[in-house]
Structures are given as C-alpha cells and as structure tokens.
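This report goes through one protein model, from its overall layout down to single residues. The sequence and the structure come first.

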Amino acid sequence: MKKVAIGCGIFLVLVIGTVAILFYILTRPKYRDVSSEKPFTEIINQKLTTKKPTLILNYDMPKYEDYSYHLEDGNSFGMESDLKTVTKIPTGTEFSIDKIEIHSNWVSGSSTIYLFGNIYSEEKQKSYAFQYTWGDYHLLYEDNPYWTFNLAFWQNGALTEKYYIELP
C-alpha cells in the first residue's frame, strides 16, 4: 500500500511539473528582430530628424533596461497616461533607431512592434535611450493578416502599403 501511495505521489508531481512547463512554454512572450524587413530597412541605423514635437516619458515597464524611456508623439498611450514627462524634444532633433522587434503575447493574442533608439536633448544636455511602438496589426476578419503604419514623428507622410510581417 505504501508503494502505491509513493508511486501515485511521484506520478502526480510529474504530471503537475509537465503541465507547468507546458504552460510556461506556451504562454511566454515571444519576439523576433524585424530590422531587416520592409518598411524598417529604410530607418534602421540611419540619422533621422523629428518632424514634430515629441515627449520623453519615464516608463517603469521597459522591454529592455537599456531603453528605459518611452518616446511619445501622440500615436500611442503616453499622452493619455499619467507617465511623468522627462523632457520635450523639439522639431528638427536628430535621432537614430538601433533595433526593431515584433513582440507577441500568446496569452492575450496581441502583437506590438517596438523601435528602440537614442535621442539627444539639447535642453537637458542628455541622451535618452527610448522605446517607441509603431504599427497596427489587422487580424480580425482577415484571411491574410497585415500591418499598417500611421504617420510617425520622423515622416512627412504616412505609409500607405500593407505589410505582411510574420509573427514570432
């Protein structure tokens, strides 16, 4: 009887462990570098210039500690949030994008494209490593889901094409 109880205990621990490992594998966020794909090849590692004023916001949940600020141009959540404004970046400020990744969260099914870059504030005499979200993923009622991109703070005009970027 004691051997049966020990066997059942070991089996139960193995089943619970297997379920926990599978849950972790299936629900962890996934990401992929998309810097070498269109439309990002035009902006990666280039000197770009802001075409409208932007804000650098303090962000307590960055994707990477190296890029701990959120850059806001009115297309994202930052203007409506209670995030603290660190500085205002005027039109005509140079910046660069270091890497671009697409992140997918399998729990919620959402996908976001993050641009990671650096911008220098003349007023504060300081460089800020930022993250910026860009793009809308059109998934519902679509046989072939695609991305579109609104007018960003460095562009003269919005992109008009549909981009079929594979999720991680």
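In which helix does L14 lie? L14 is part of helix α1, which covers residues 2-27.

## Basis of the report

The model is predicted, and local features are given only at pLDDT of at least 70, side-chain atom pairs only at pLDDT 80 or more, while totals for chains, interfaces and linings use all residues. Residues are numbered from 1 along each chain as its sequence is written, and side-chain values use heavy atoms, with hydrogens and water left out.

## Overall layout

The protein chain has 1 helix and 10 strands. Helices (H or I, at least four residues) and strands (E, at least two) are DSSP runs, numbered from the N terminus. Along the sequence the order is α-β-β-β-β-β-β-β-β-β-β.

The chain has 168 residues, and 35% of them count as buried. Buried stands for under 20% relative accessible area, exposed for over 50%, and partly exposed for values in between, with a 1.4 Å probe and protein chains only. The chain exposes about 10700 Å², of which carbon and sulfur atoms supply 57%. Such areas come from the Shrake-Rupley method with a 1.4 Å probe; for residues, only the protein chains shown count as cover.

Among the contacts with a separation of 6 or more, 59% join residues 24 or more positions apart. A contact here is a pair of heavy atoms within 4.5 Å.

## Surface patch

L14 is exposed, at 55% relative accessibility. Together with I6 and I10, L14 forms a nonpolar patch on the surface, and the three have about 300 Å² of accessible area together. Patches take residues with over 30% relative accessible area and no salt bridge; like charges are joined within 9 Å, and nonpolar side chains (Val, Leu, Ile, Met, Phe, Trp, Tyr) within 5 Å.

In soluble globular proteins, nonpolar side chains tend to be buried together. The largest nonpolar core of this model has 27 residues, and those with the most contacts inside it are I100, I113, L115, Y132, W134, W154 and I165. The elements giving two or more residues to this core are β4 (69-72), β6 (94-105), β7 (110-121) and β8 (126-133). β6 supplies the largest share, 4 residues. A nonpolar core is a set of buried Ala, Val, Leu, Ile, Met, Phe, Trp, Tyr and Cys residues joined through side-chain atoms within 4.5 Å.

Apart from residues up to four places away in sequence, I165 touches R32, V34, E37, K38, F40, I102, I113, W147 and F149.

## Salt bridge and cis peptide bond

How many salt bridges does the structure hold? There is 1, between R32 and E37, with the closest N and O atoms 2.6 Å apart. The criterion is a side-chain nitrogen of Lys or Arg within 4 Å of a carboxyl oxygen of Asp or Glu. R32 is partly exposed, with a relative accessible area of 24%.

The peptide bond from K38 to P39 is cis, with omega near 10°. P39 is in the loop between β1 (30-33) and β2 (48-49).

## Polar contacts of two strand residues

H103 belongs to strand β6 and is buried, at 11% relative accessibility. The side chains of H103 and E101 are joined by a polar contact of 2.9 Å. A polar contact is a pair of N or O atoms within 3.5 Å; within protein, one must be able to donate a hydrogen and the other to accept it, and residues adjacent in sequence count only if both atoms are side-chain atoms. Beyond four places in sequence, H103 contacts K30, Y31, K63, Y64, S110, S111, T112 and Y114.

T148 is in strand β10 (residues 146-148). Its side chain makes a polar contact of 2.6 Å with the side chain of H138. Residues up to four places away aside, T148 touches G135, D136, H138 and E161.

## Exposed residues outside the strands

N156 lies in the segment after β10 and is exposed, at 72% relative accessibility. N156 and K51 are 105 residues apart in sequence, with a C-alpha to C-alpha distance of 7.2 Å. Leaving out neighbours within four places, N156 contacts K51 and L151.

Most residues other than glycine have a negative phi, and most peptide bonds are trans. Q125, in the loop between β7 and β8, has a positive phi of about 55° and is exposed, at 53%. Y141, in the loop between β9 (136-138) and β10, has a positive phi near 60° and is exposed, at 83%.
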